Amino acid sequence: MSSPRTPPSGGGRSAMSMMDSLLGLLRIRVKRGVNLAVRDVRSSDPYVVVKMAKQKLKTRVIKKDVNPEWNEDLTLSVSDPTIPVKLTVYDHDTFSMDDKMGDAEFDIKPFIEALKMNLQGLPSGTVITRVQPSRQNCLAEESHIIWSEDRVVQDMCLRLRNVECGEVEIQLQWIDLPGSRGL
């Protein structure tokens, strides 16, 4: 039995154990939206929300544009590569709830597998893996995982679900964290 001043064992997670479970950081560059749905009179004010487990990040709002260019980096910490990343596009409204403009989900497992390969010395631009569109993913077209300038990158064009039209183009990059468990 512990005294009231002694925290129970296994209680709070220390910063050290957080780093032990962390594999690294996933940088998602939200490039642009293509042919997004109209949610206001003639256009929309779109922004993107990216979620993974309990993390939630969002881009800035682009006014009156159904083909917005964000070119914004959102960075998630990854502990479990089997958790899918969810992406949702919203239309910003000033006086009412923001309207949903579709969503997509993608798997980072193929990207993580490519990161584990020994790719040093490959010419820049080498395609490591191709991920085909299927009913299990939201890819609008084949996605290539590429060795580019000494790093692994994956470009994706995601077709939005639960909406009449729209795609979002993103790029994945990996950031190794000193002190993390790593891949």
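**Entry 1: a starting residue**

In which strand does leucine 87 lie? I looked it up, and leucine 87 lies in strand S5. Strands here are DSSP runs of E with at least two residues, helices are runs of H or I with at least four, and both are numbered from the N terminus.

Before going on, I noted that this is a predicted model, where local features need pLDDT of at least 70, side-chain atom pairs count only at pLDDT 80 or more, and totals for chains, interfaces and linings use all residues. Residues are numbered from 1 along each chain as its sequence is written, and side-chain values use heavy atoms, with hydrogens and water left out.

**Entry 2: the chain as a whole**

I found two helices and ten strands in the chain. Along the sequence they come in the pattern α-β-β-β-β-β-β-α-β-β-β-β. I put a box along the principal axes, and the C-alpha atoms fill roughly 65 × 50 × 30 Å.

Of the 183 residues, 40% are buried; buried means under 20% relative accessible area, exposed means over 50%, and partly exposed lies in between (1.4 Å probe, protein chains only). The accessible surface is about 10,700 Å², and carbon and sulfur atoms hold 50% of that. These areas come from the Shrake-Rupley method with a 1.4 Å probe, and for residues only the protein chains shown count as cover.

I then turned to contacts (heavy atoms within 4.5 Å). Among those with a separation of 6 or more, 58% join residues 24 or more positions apart.

I also looked at charge: there are 25 positive and 25 negative side chains, and the centres of the two sets lie 5 Å apart. Lys and Arg count as positive, Asp and Glu as negative, while His and the chain ends are not counted. Each charge is placed at NZ of Lys, CZ of Arg, CG of Asp or CD of Glu.

**Entry 3: the sheet around S2**

I followed an open sheet of four strands in the order S3-S2-S5-S6, with antiparallel pairing. Strand S3 (55-58) and strand S6 (99-106) each have a single partner strand, so one side of each has no neighbour in the sheet. Two strands pair if DSSP finds at least two bridges between them.

Strand S2 (residues 46-52) meets strand S5 (residues 85-91) over six antiparallel bridges. Here I saw tyrosine 47 opposite tyrosine 90, and valine 50 with leucine 87 as its bridge partner.

Four bridges join S2 to S3, also in the antiparallel sense, and valine 49 stands opposite lysine 58. S2 and S3 form a hairpin with two residues between them, and alanine 53 in that turn has a positive phi of about 55 degrees. S2 is mostly covered, with six of its seven residues buried.

**Entry 4: back to leucine 87**

Is leucine 87 buried or exposed? Leucine 87 counts as buried because its relative accessibility is 1%. Beyond neighbours within four places in sequence, its contacts include Val48, Val49, Val50, Ala104, Leu158 and Ile170. I also checked alanine 140, 53 residues along the chain from leucine 87, and their C-alpha atoms are separated by 14 Å.

**Entry 5: two loop residues**

Lysine 64 sits in the loop between S3 and strand S4 (69-78), and counts as exposed at 68% relative accessibility.

Aspartate 150 is another non-glycine residue with a positive phi, near 65 degrees. I placed aspartate 150 in the loop between strand S8 (143-148) and strand S9 (151-159); aspartate 150 is exposed, with a relative accessible area of 58%.
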